[in-house]
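Subject: Handover of a structure

Hello,

Please find the structure below, followed by notes on what was found in it.

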Amino acid sequence: MNCRGDETQARREERMTNSDNIFEQDIQEHSIRKKLEAIYKEYETRFAGGEFVFGCGLVKPKLLLIGEAPGREEVKLSRPFSGTAGKNLDEFLELAGINRDDIYITNAIKYRLSKVNPKTGKLSNKPAVREEILSSRSYLLREIEMICPYCIATLGNVPLRAVMGDFSVNIGDIHGKPAKIKTEKQEYLLFPLYHPASVIYNRSLREICRQDILKLRELVNVPDSLADSAQSTLL
Ligand code: URA
């Protein structure tokens, strides 16, 4: 506006274009969220009776993080990476200079994997087996296509194998090495990371993870416009 409060024609056109773009982005985001909801509903029907926790966060983010499966704490709060694993993940993210609100977080398997502890009779978390990873895989791939991230960081072997569809890969061999992967419709940048919990059980991994996270920080530190155009050229 000029000093009399009149808006110039050029400024008005620019403002209208910006608000049109924001409006279009909102509609697009709403439509993606609806499609994600539909995928999650189908998943609930397929694995009826499970204790579910679905992905959450920003759609079309620069980074999608994929963990293994929710545990007891996640089920309680209906949010991936809520308990101790969440605290470890937050440390990863802080080192990477990434805010949780700016990414999408999900799991390869979206229900709690549990077994009865014969000593206490209580439920405890259990690791995923091949059949569980495979039966959830098609839903994960559809979820990835909806979220359409610039980069996918997998946390540990389970999401790495689920995304790659290859059970011979090992996180120990390919952690910290970016790779291109293809789903049916798109191509993505994949960055395999160790699972945050592995650092608790194996202290010697701490420095290795730190170096990997610093690499991830570099990898996603691209201007939004570049990440956006990479996403759209891949579509
Ligand atoms: N919590 C999750 O949501 N995923 C994991 O892989 C571990 C803990």
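Of the contacts in the chain with a separation of 6 or more, what percentage is between residues 24 or more positions apart? Such pairs account for 71%, where two residues are in contact if their C-beta atoms, placed from the backbone, lie within 7 Å.

This is a predicted model, in which local features need pLDDT of at least 70 and side-chain atom pairs count only at pLDDT 80 or more, while totals for chains, interfaces and linings use all residues. Numbering starts from 1 along each chain as its sequence is written.

The C-alpha trace spans about 80 × 40 × 35 Å along its principal axes. There are nine helices and eight strands in the chain; these are DSSP runs numbered from the N terminus, helices being H or I with at least four residues and strands E with at least two.

Of the 235 residues, 31% are buried, that is, they have 20 or more other C-beta atoms within 10 Å of their own, all placed from the backbone. The largest nonpolar core has 43 residues; such a core is a set of buried Ala, Val, Leu, Ile, Met, Phe, Trp, Tyr and Cys residues joined through C-beta atoms within 7 Å. Elements giving two or more residues to this core include strand 2 (63–67), strand 6 (151–155) and helix 8 (205–220). Helix 3 gives the most, with five residues.

Ile152 is among the residues with the most contacts inside the core. Beyond its neighbours within four places in sequence, Ile152 is in contact with Leu64, Ile66, Ile144, Val163, Tyr188 and Leu190.

Regards

Notes. Buried ≥ 20, exposed ≤ 12 C-beta atoms within 10 Å, placed from the backbone.
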